[in-house]
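Subject: Handing over a structure

Dear colleague,

I am passing on to you a structure that you have not worked with before, and below it I have set out what was found in it. Please read the notes with the structure open beside you.

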Amino acid sequence: MPTDFSQNKEAILILDTKGHSGVVSHVITTREKEIISIADDKTIRIFDEQGTEKRKILGMIGPGPQGVINTIALSKDEQYLAVGGYFDRYDGKNAGDIRIYHYPTGKLTRLLKSHRNTVVGLSFSSDGRYLISGSTDRTAKIWDVQNGFQLVDTITVHGNEVYAVGIVKTNNGYSAVTAGFDGKIALYSINQKRIIATRQTDLILQQMAFSRDHIALAGNSKQIKIYDHMLTPVLTLEHSSEPSGIVYSPDGTLFIAGTRASQGKVVTYNAKKNYQIQSAFHAEINVVGRVGFPDPNTIASAGRDFSSIYLWDIHSGKVKSRIESAGRTVWNVGIHGEDIAWRNIINDNNQKQPTVLCKTFSFKDFTINDCRGPMDVKVISQKNGNLTLSHRSGGIYKRHNAVLEVQKNGVNIASVARDQHSGFGHNYYGWYGDLIVSGGMNGVLEIYNREGVKMATLQGHRGAITQIALDNDRLVSSSSDQTVRIWNLAQLDKNKRVMVNEKLVSELMHQAGCTRAQVIDNAALIQEKSGLSIYVTDIQVIKPVVNIFATRTNEWVVWTNEGFFNTSKAGAKYVGYHINQGPDKEAEYLSVDKFYDSFYRPDLVVKALHGEDLKAYASRINIDEILKGGLAPQVAINTPSHASKDKDIVLNLSVCEKDGGYDNLTLILNGMAIDILSKDRGLMVTNKKTADNHCFSFEKLISLQNGDNRIGFKATNRAGNIESNLAEIDVTYKGKSMGKPDLYLLAVGVDRYRDGDLWLKYSKADAQELIRTVSSVSKPLFGSIHTRTLFDQDATKSAITQAIADIGKKTNREDVFMLYVAGHGITDSKTGAYFFLPVDFRYKDESSVNQFGLSHNDFKQALSTIQAIKSLIILDTCNSGSFAEAFASRGILQKTAINKLTRATGRATIVASAKNHQVALEGYNGHGVFTYTVIEALAGEGYGKDNQITIKELASYIEDILPDRTYQKWGYEQIPQSSITGNDFPIGVR
């Protein structure tokens, strides 16, 4: 049955960079050379050996560290993928769950429940019989895979967290090896159900590697301990730095250790020659956590940029290939007015030294640029009068930056210690007034008062916080999750009441035998050693107002917490909804471009940036309500890509319904909608493919364009508010030249509306003069020119769509079609949609525009009948004065509407910017000023050196001339909007 998304689903807006957007911690390779990887972006991603992402495996996630994946293991038969992490989400009951996925399908098949806290280590036995898990609950557990993952035993010998686990199979049976933060190594006989050997070290042990002969263990020092399988010491290696990961080659000959130091080396030791150093590489490669071996001489592991995966030669260190996401870690960030600047190259200096930023994003015009030199940007200060901030090592894990100290005149007055649930450490921090902002790992970004009490958490990032910057109340943060996020700290309640947790103080007094005053005086030490705070307050949750992601090639997408977004041409695919379906079911993902009509709102992004609350808009356009209508189907073009001898071909298409049904089956040719089939029109179904009849196939005849044809097919759900995938094929057709194409021009002009308040003066005259000018200058380019007009009483909604349909029957692929529309247009500020008001429009209430206006979907449906691929739409539609308060049609809002129209139709569009009714009546030299400028360009002023004018040259001339012309005449700039899609083509000769 199709998945039911209508009941109790949780949609979380996330970044999807088509690769990891966080620190890669584990890599596994399969027999088919698939590369399975995890990172702190809460995803499991599977790549082929060429580095192309094949699929994702997802589970339930939440804000901050909730849903972070710490460890994975794959069974020998590659049927089971075991996943451990911090899976606490709602009630604390799922913190220690182990997810077992059916690896071939990605389906979550079961949850293993027994651990009381986060699972941090997993390993299958070499034959797949057992699974062992280690946890921060200080236990390790053994699970019998062959008996449905039944719990066999629990190892409780450790006094601290158990990170390193494995199973050794010998002639004496199976033995489990465990090691943890207590420095203890234990050997447990699964057959005898008892500890048979232990070793005590002075290390915090986190990593383990096995060969046929040895067990290697590493932790928080340069030392690597080597033992045999009975825990008899073999030797101790002094590595060049604290190792980031250790691994044996498949044959056990080589032992490789990575490095945590920025200038450290990856070292290969010869395990068969008493671990002599064989080679050392200081390069972009690294070894982090578990690694994979696609072949005996190649390692797949993380690199020094953390989010990439490198395949490199085990002997030479030479990088063979690199798997990377579309973006990069953002290491530094700054603010300069409406511009946000950042840097994607790691800065090895500490946070006190200046860094040159290298990218800027301007919210003035939504453009991204490379910096041409140093910028004067604002960051955040670690000084606040006589108060200063600094970090030191400490906390439970003894990390170098685990403790943040607040000093007054050089004397410590407070401190904040972090553990695995609060970001591990303080990566970057500074003052916001008398409050402290500090970022750590796993997306943790928090605000404290000067006494170290947490006041607020800023939820949004999923990776390590790398830097923060501040400009008044606007905070900007960068992260290893490859995003920049903007926060409005004016939302912060700075007057929160902080109280002492008297119950906890009483318990501590009883345990330590001390006074209340002594407990209060040692609050910072108690928090560092135990993670407990004696202070309580209501912790405020603040979400980012705007988020930024940019690719290596400067594609970009910006979005609000409510899901409204703006994007470059190819940027929308990088943001989408992670849809939780509960702890016991795999999650789904839908990119935001599937909701384009609902959430493409550049105007609302600007409002959010400037502090406006978007709740009113979000209440009308809500992802949870949209999902109740169910998902769009999965579609496919079963006809393969090919070269065709025939201009007309038959496509075999298939549709597989999900829970939302289907509608609006749309065929696209070279980016342009050429046919839209409604569910109500009936389809000639050729094949029912599944037993429950959720899939069907049908055939459709289409005509090709001479040359290359990119044919697309997509659909929507029944509600029409979620798009399906886009299936595409390429077909080439080289037919005989048919001579000059024909030009079809439809001109619509409305001056005399039924509502007298809407009357205009120049629409009809503008349309007539445009026809005369185009007919004159385009004559040499076309075999015939066909014109049709609809003026005043003839320009009804039905007449306009019928006229377009009539012309469509006459056109072919090589012809050119122009549509000119003059009259009243409205951009709905609630939906960002454009409407043209036909002559019979009458305003009754807000629903009148949707009911009687021509929407972009109406234009899309009508224009899909036009066979001509070369098309141009020119709209000279002014904003109605009667609706100026209800419908604003200016600047960024109008650009929003026009981009929706262009995307819907796939046709080039040039539009007059909004102007008030009085300007429209006054005119310019007997015409509307926009159309006058169009005619002027066509009549000779807009031509290139080749004495032709193309649609791009026409748009460029209007954009150059119109703003100055309107400013000189009326004192304001009318900024035209244009969206030129497809190939450029000439429309005039002089």
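Asn-409 sits in the loop that runs between strand 36 (399-408) and strand 37 (411-417), and its phi is near 55°, a positive value in a residue other than glycine. With a relative accessibility of 59%, Asn-409 counts as exposed. Please keep in mind here, and throughout what follows, that this is a predicted model.

A positive phi is also found at Phe-149, where the angle is about 60° although the residue is not a glycine. Phe-149 belongs to the loop between strand 12 (140-144) and strand 13 (150-155), and it is buried, since its relative accessible area is 3%. A further positive phi, near 95°, belongs to Gly-611, which follows helix 5.

Helix 5 itself, made up of residues 602-609, is largely enclosed by the rest of the structure, because seven of its eight residues are buried. The buried residues in helix 5 are Pro-602, Asp-603, Leu-604, Val-605, Val-606, Ala-608 and Leu-609.

What surrounds Ile-215, once residues up to four places away in sequence are set aside? This residue, which is placed in strand 19 (residues 214-219), touches Val-168, Val-177, Met-208, Ala-209, Phe-210, Lys-225, Ile-226, Tyr-227, Asp-228, His-229, Leu-231 and Tyr-248. Its relative accessible area is 0%, so Ile-215 counts as buried. For Tyr-248, which is 33 residues away from Ile-215 along the chain, the separation between the two C-alpha atoms is 9.5 Å.

If neighbours within four places in sequence are left aside, Thr-30 is in contact with Ile-36, Leu-74, Glu-78 and Tyr-103.

I turn next to the charged residues. Side chains of opposite charge can pair when their charged atoms come close. How many salt bridges does the structure hold? There are 36 salt bridges, and one of them joins the side chains of Lys-169 and Asp-127, with 3.3 Å from N to O. This pair links distant parts of the chain, 42 residues apart, since Lys-169 lies in strand 14 (residues 162-170) while Asp-127 lies in the loop between strand 10 (119-124) and strand 11 (130-135). Lys-169 counts as partly exposed at 48% relative accessibility, and Asp-127, at 28%, also counts as partly exposed.

Another salt bridge is formed by Asp-806 and Arg-788, whose closest N and O atoms are 3.4 Å apart. Because Asp-806 lies in helix 9 (residues 797-810) and Arg-788 in strand 63 (residues 785-791), the pair ties together parts that are 18 residues apart in sequence. Asp-806 is partly exposed, with 23% relative accessibility, and Arg-788 is likewise partly exposed, with 33%. Elsewhere, salt bridges that share partners join Asp-16, Lys-18, Arg-45, Glu-53 and Lys-56 into one network.

The side chains of Lys-628 and Glu-625 also meet in a salt bridge, at 3.0 Å from N to O, and Glu-625 is partly exposed, with a relative accessible area of 49%.

On the surface, Glu-959, Asp-960, Asp-964 and Glu-973 gather in a patch of negative charge. Glu-973 is located in the loop between helix 15 (951-970) and strand 70 (977-979), where, at 47% relative accessibility, it counts as partly exposed.

Finally, please look at Ser-776, which is placed in helix 8 (residues 763-777). Is this residue buried or exposed? Its relative accessible area is 52%, so Ser-776 is exposed. The C-alpha atom of Ser-776 is separated by 8.3 Å from that of Gly-988, although the two residues are 212 residues apart along the chain.

With best wishes

Methods. Residues numbered from 1 in each chain as written. Predicted model: local features only at pLDDT ≥ 70, side-chain atom pairs only at ≥ 80, totals over all residues. Heavy atoms only, no water. Helix = DSSP H or I, 4+ residues; strand = E, 2+ residues; numbered from the N terminus. Buried < 20%, exposed > 50% of the residue type's maximum accessible area, 1.4 Å probe, protein only. Contact = heavy atoms within 4.5 Å. Patch = residues over 30% accessible without salt bridge, like charges linked within 9 Å, V, L, I, M, F, W, Y side chains within 5 Å. Areas by Shrake-Rupley, 256 points an atom, 1.4 Å probe, with all protein chains shown as cover. Salt bridge = Lys/Arg side-chain N within 4 Å of Asp/Glu carboxyl O. Lys, Arg positive; Asp, Glu negative; His and termini not counted. Charge placed at Lys NZ, Arg CZ, Asp CG, Glu CD.
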